[in-house]
Every structure is written in C-alpha cells, then in structure tokens.
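Dear colleague,

Please find below the structure that I am handing over to you. My notes on it follow directly after.

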Amino acid sequence: MASGKKSDELVFLPLGGSGEIGMNFNAYGFGPAHDRQWIIVDCGVLFGRETSQPGVDVLMPDIRALTDNRENILGIVATHAHEDHIGAIAHLWPMLRCPVHATPFTARLITGKLEEAGLSGKVKVREVPVGGSLELGPFTLDFISITHSILEPNLLAIRTPLGVVAHTGDWKIDPDPLLGEVTDAAAMEKLGNEGVLALVCDSTNALVPGASGSESTVRESLTDLIGTLKGRVAVTGFASNVARLDSIAHAARVHGRQIALVGRSMQKMVQAARECGYLKDFPPVLDETEAMDLPARKALLLCTGSQGEPRAAMARIANDSHPNVHLTQGDTVIFSSRVIPGNELGIFDLQNALAARGIELLTAEDHFVHVSGHPCRDELAQMYRWIRPKLAVPVHGEIRHQVAHARLAREMQVPQALIPQNGHLIRLAPGRPELIDEVPSGRIHLDGRVLVAEGEGLAKGRRALAHAGLLVVSLVLDEKGRVVGEPAVLAEGMPEPVAEAVELAVEEQTRGNRHHDPDDLAEAVRRAARRAAHDAWGKKPVTRVLVTEV
Ligand SMILES: [Zn+2]
Ligand SMILES: [Zn+2]
C-alpha cells in the first residue's frame with residue numbers, strides 16, 4: 001500500500017450522532033490539512049420532540065463546517081437504510097452535490113426519498129453490490145455484511161494509504177436474521193488480522209448486558225402467540241424491519257389468517273424489499289376492506305404507528321377514525337417493537353385508547369415479541385475480539401452510552417479510546433490519534449418546508465408561546481405624540497381576567513395628554529402589560545406592542 005505524502009493525514013469528523021442516538025453524520029478526510037478530500041458516511045435525521053421542538057418534525061446536523069469546500073467532498077456512503085442514517089440526504093444534498101453510494105435495498109429507498117423531494121434527476125445514486133467495494137479518491141471501501149434490524153446493513157472497511165478504519169454502522173450479531181446475509185465473521189477476522197487503526201462503532205446498547213437475541217426466536221414466539229388468539233389481530237412495529245414483517249406473515253399463514261398492510265410505509269417497505277429480490281415467499285396481501293370482510297379469526301393486519309405517531313395507522317385505529325379498519329372487543333393488538341425513549345407518553349396514550357375500547361394488548365413488556373437491532377455488551381466484546389483495533393471510537397449514542405462503550409473497549413485490551421462529540425476533528429494517522437480541532441456543529445430544524453438553524457431560536461419562541469400565550473397591545477399616536485382613542489389589547493391563550501388586568505394597566509400607562517417618544521412609550525407599555533399579566537396570573541406571556549403614528 002502506498003504511504004502517501006509526508007503531510008498527509010487521515011482524520012475523522014462526526015457532525016451528528018455523537019452524544020445522541022440519531023442524526024448520524026460522519027466524515028473521513030484524507031490529505032494535507034489545507035487540502036483534504038472527504039467522504040461522508042451516513043446522513044440521517046433525528047425526530048423532533050413536540051415538547052422541546054414544537055412544530056418541528058425532523059432535525060438534522062448543521063454541516064456548514066464541511067460544505068465550505070464542497071468540491072473536496074467525494075461522495076456520501078450509506079451503511080443502511082434507517083432514517084437516522086439516510087433521512088437527511090434529500091434535505092442536505094443541495095449543499096453537498098456529490099454522488100450517493102449504497103447497496104441495492106438502501107439505494108432503492110434513497111431513490112424513493114429523492115423522487116419525493118423532486119431531486120431524482122439530479123442526484124447520482126450508485127449501487128454497490130452486497131459484499132462489494134467502492135473506490136473514492138484515496139479511499140477504498142469494502143462493504144462487509146453484518147446483521148441489524150433492516151435488510152443489507154454493512155460494516156465499512158475504509159482503506160487509505162495511512163491505514164484501515166472499521167466503521168460498523170448499526171449492527172448486532174444475529175446468527176439467524178431470516179432474510180439477507182448473516183454477519184460475515186470470516187471477513188471481520190481477516191480485517192482484524194490486517195491491523196485496524198480505529199473501530200468507529202455503535203454504542204446504543206453499551207449499557208445492556210448479554211446479547212440482543214435473534215429474529216428467528218421472535219418468529220417462533222410470535223407464531224405461538226398468534227396461535228392462541230381468536231379475534232382480529234393487528235400487529236404494529238417498524239415497517240423497515242422486513243424480516244419481522246415476514247415473520248408476522250409467516251405466523252398468519254401458519255394459523256390460517258390472511259394479511260393486509262395498513263399504512264403507507266408498510267406498503268413501501270414490502271414493495272422495496274420485493275423489488276430487490278427479498279420476500280419471495282411473502283403471502284398475497286389483501287387490501288384493508290377485504291381483510292375486514294373476512295371472519296375476525298381469519299384476518300391479520302400489519303400496521304404502522306408503534307411509536308404513537310398521531311397520523312399513523314395505529315393511532316387512527318385506536319380512536320376509531322381509520323376509514324377502513326375498525327377493531328372491537330375480542331380483537332388484539334401486538335406491539336412488536338420497543339418504546340423509543342421520548343415516545344413514552346404518545347405510546348401510552350395510544351395503548352390506553354385501545355384498552356379503553358376493550359382491545360387486548362400484547363407488548364414487549366409482557367411477551368417476547370421484539371429483539372433489539374443493536375449490539376449488547378457480549379456482542380461488542382466479540383467485535384473487539386475480531387477487529388482488535390488500536391483505537392476505539394464509540395459513536396451512535398448518548399454520552400453515557402459512549403462512556404460505557406469506551407470502558408468496555410479498554411477491558412477488551414484496546415490500547416486507546418476517544419469519545420468524540422459532534423464537531424470534534426480527530427487525527428487517526430499518522431502518530432497517536434488525538435483531537436486536533438473543534439469545528440462548528442449544531443442542528444438544523446426542518447420547520448415546515450424551511451431549513452432553520454437551531455440557534456435562530458424559532459422553536460424556543462414557540463415554546464414560550466405554548467407556555468404563556470401571546471399578548472399584543474396596539475396604540476395610535478397623533479403627530480404631537482398623544483395617544484388617540486382606546487389602546488387595543490389582544491390576549492391569545494390566557495384566562496379572561498388577564499386581558500382585563502392588562503387593559504387597565506395599559507390605560508393607566510397611556511392616560512393623559514402627555515407627549516411621547518414612540519419607542520419609549522412602546523417599551524413602557526410592554527413592561528406594564530407584562531407586569532399586569534404576571535400579577536393577575538402568575539405567568540408572563542410573550543408581549544408585543546405596536547405603535548402606529550398618524
Ligand atoms: Zn442508527
Ligand atoms: Zn439502524
């Protein structure tokens with residue numbers, strides 16, 4: 001392998017996914033400091049929380065640190081098709097304008113997203129065969145098959161003239177993933193024998209002992225469980241876990257039930273998997289009405305919305321507002337999924353709505369209906385035995401996960417561990433790896449259809465409005481600076497007596513024949529109105545004063 005120029009460096013720069021689970025965005029740079037060439041590994045989103053980011057569905061990394069030298073970005077490489085790894089491509093591509101590389105199933109889903117964004121003609125999406133390789137400037141990438149909770153997850157062996165990095169993406173060790181490839185242990189071992197500079201690795205389950213378990217055992221359990229049920233069965237889970245969908249279809253067939261797919265993403269995933277040659281034995285799918293016309297014990301519905309998403313199928317079924325699917329007493333809903341932290345309240349509301357209508361609930365809390373897609377501690381240890389890197393770089397986790405992961409790596413005799421945060425520029429080679437710079441990083445909100453930097457505070461402003469409403473006072477001044485007529489007060493989102501108290505305070509503040517400077521008057525009225533609201537109510541609304549001069 002060529003050794004490269006003397007000033008060449010290999011660097012790692014995460015701009016998302018370090019310190020948080022979601023929004024993965026990792027860049028690797030090669031070359032001298034003033035002229036690095038970059039590849040991007042994954043480009044995902046994080047879902048907004050209604051409480052902290054009201055009205056923001058999706059967050060993504062602020063990548064301006066990288067896009068100043070756009071011509072040096074050689075390509076985006078996607079490890080797998082989960083939203084937290086590919087969901088930002090269509091949004092951020094206009095800033096990146098480089099080709100996108102992925103294995104067929106992932107490429108198919110990325111293409112679908114680009115089509116929806118009206119970018120399909122512009123972006124080159126290049127398919128890499130499963131187990132294939134890719135050359136991008138000084139980087140050669142080998143796609144090594146691994147297992148996860150989606151089709152075609154890959155560990156990337158990233159080769160450069162200064163050495164090899166193993167980037168795991170999301171993974172687990174599932175001895176029987178049901179669909180797709182098993183973890184290529186031989187390739188991992190071979191990679192370890194070559195000598196690996198750094199293992200950049202998933203930290204999601206670094207606090208969980210043992211192993212994550214296999215999809216095949218979930219299939220057995222679901223099949224037994226569905227055999228005991230009498231009425232209609234609706235199963236909700238992650239549409240992207242195609243092996244799970246196949247298991248549920250299998251269970252249905254074993255017990256003489258026919259299936260329907262309820263929710264757009266269920267249909268989309270099954271179609272994408274079929275187009276890529278998977279699900280060859282999947283049973284025929286009925287439409288919703290046909291399934292509802294069957295005797296109850298003959299129907300099984302696969303539904304979106306396991307996380308309580310208000311617009312998804314399960315939420316509409318729970319409040320009986322779905323146009324075609326209606327469940328009643330005697331029917332059962334199985335949540336074949338976990339509760340993603342942050343979604344607890346939405347999920348419990350959903351489950352309560354179902355329970356209130358006499359529908360039986362089976363969840364991962366009380367039945368074996370789900371396994372995680374991420375490596376628990378035994379699996380992480382196995383990965384370190386295979387790869388034996390000089391450096392551990394825990395990513396894809398909150399800091400507590402990254403810290404636990406780094407400790408485990410040291411226990412596995414890894415000489416060094418570095419816990420990166422978004423914006424940390426780490427030199428991996430030459431020499432001992434170290435943090436060499438911190439570049440600007442942060443989050444961008446997709447607010448409606450507009451990308452807005454988190455620092456601009458739009459979501460913060462809306463939180464203030466949600467907490468204490470909006471107070472607007474409108475005043476008219478004549479040419480001598482005297483208040484004309486009655487000031488108008490608009491009080492949105494506060495109890496009636498507050499508006500009355502504010503009206504009195506504003507009147508007091510503007511009474512008389514005094515001459516006013518418009519700016520001073522506006523500020524005095526704003527303060528008086530806010531104080532009056534606080535005295536009457538104990539809360540300070542967002543307050544605005546409009547002064548019109550005639
Ligand atoms: Zn992920
Ligand atoms: Zn994933």
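**Findings: the sheet and the zinc sites**

Strand β10 is mostly covered, since six of its seven residues are buried; buried stands for under 20% relative accessible area, exposed for over 50%, and partly exposed for what lies in between (1.4 Å probe, protein chains only). Strands, like helices, are DSSP runs numbered from the N terminus (E, at least two residues, for strands; H or I, at least four, for helices).

Please note that this is a predicted model, in which local features need pLDDT of at least 70 and side-chain atom pairs count only at pLDDT 80 or more, while totals for chains, interfaces and linings use all residues. Residues are numbered from 1 along each chain as its sequence is written, chains are lettered from A and ligands numbered from 1 in the order in which they are written, and side-chain values use heavy atoms, with hydrogens and water left out.

Strand β10 belongs to an open sheet of seven strands with mixed pairing, in the order β9-β10-β11-β12-β13-β20-β21; two strands pair if DSSP finds at least two bridges between them. The edge strands, each pairing on one side only, are β9 (133-136) and β21 (416-417). Strands β9 and β10 are antiparallel over four bridges, and S133 has D142 in β10 as its bridge partner. These two strands form a hairpin with two residues between them, and G137 in the turn has a positive phi of about 55°. On the β11 side, β10 is joined by six bridges, again antiparallel, and S145 is the bridge partner of N154 in β11. Further along, β13 (residues 198-202) and β20 (residues 391-395) pair in the parallel sense over five bridges, with C201 opposite P394 in β20.

Two helices deserve mention here. Helix α12 (residues 377-387) packs on the sheet and touches β11, β12, β13 and β20 (contact: heavy atoms within 4.5 Å). Its direction makes about 160° with that of β13; axes are lines fitted to C-alpha atoms, for helices over the stretch in contact, and angles run from 0 to 180 degrees between N-to-C directions. Helix α5 (residues 185-194) lies across β10, β11 and β12 (163-167), at about 25° to β11.

Turning to the metals, the zinc ion (ligand 2) is coordinated by H80 (NE2), H82 (ND1), H148 (NE2) and D170 (OD), at 2.1 to 2.3 Å. Donors are N, O and S atoms within 2.8 Å of the metal (3.2 Å for Na, K and Ca); water is not among the atoms, so sites may look incomplete. The angles among the four donor atoms of ligand 2 are 92 to 161°, which makes the site irregular: four donors count as tetrahedral if all angles lie between 85 and 135 degrees; four count as square planar and six as octahedral if opposite donors are over 155 degrees apart and all others between 65 and 115; anything else is irregular. H82 lies in the loop between β6 (73-77) and α2 (83-86) and H148 in the loop between β10 (139-145) and β11 (154-160), so the pair ties together parts 66 residues apart in sequence. Both H82 and H148 are buried.

The zinc ion (ligand 1) is coordinated by D84 (OD), H85 (NE2), D170 (OD) and H396 (NE2), at 2.0 to 2.2 Å. D170 bridges the two zinc ions, ligand 1 and ligand 2, which lie 3.5 Å apart. D170 is buried, with a relative accessible area of 2%.

Yours sincerely
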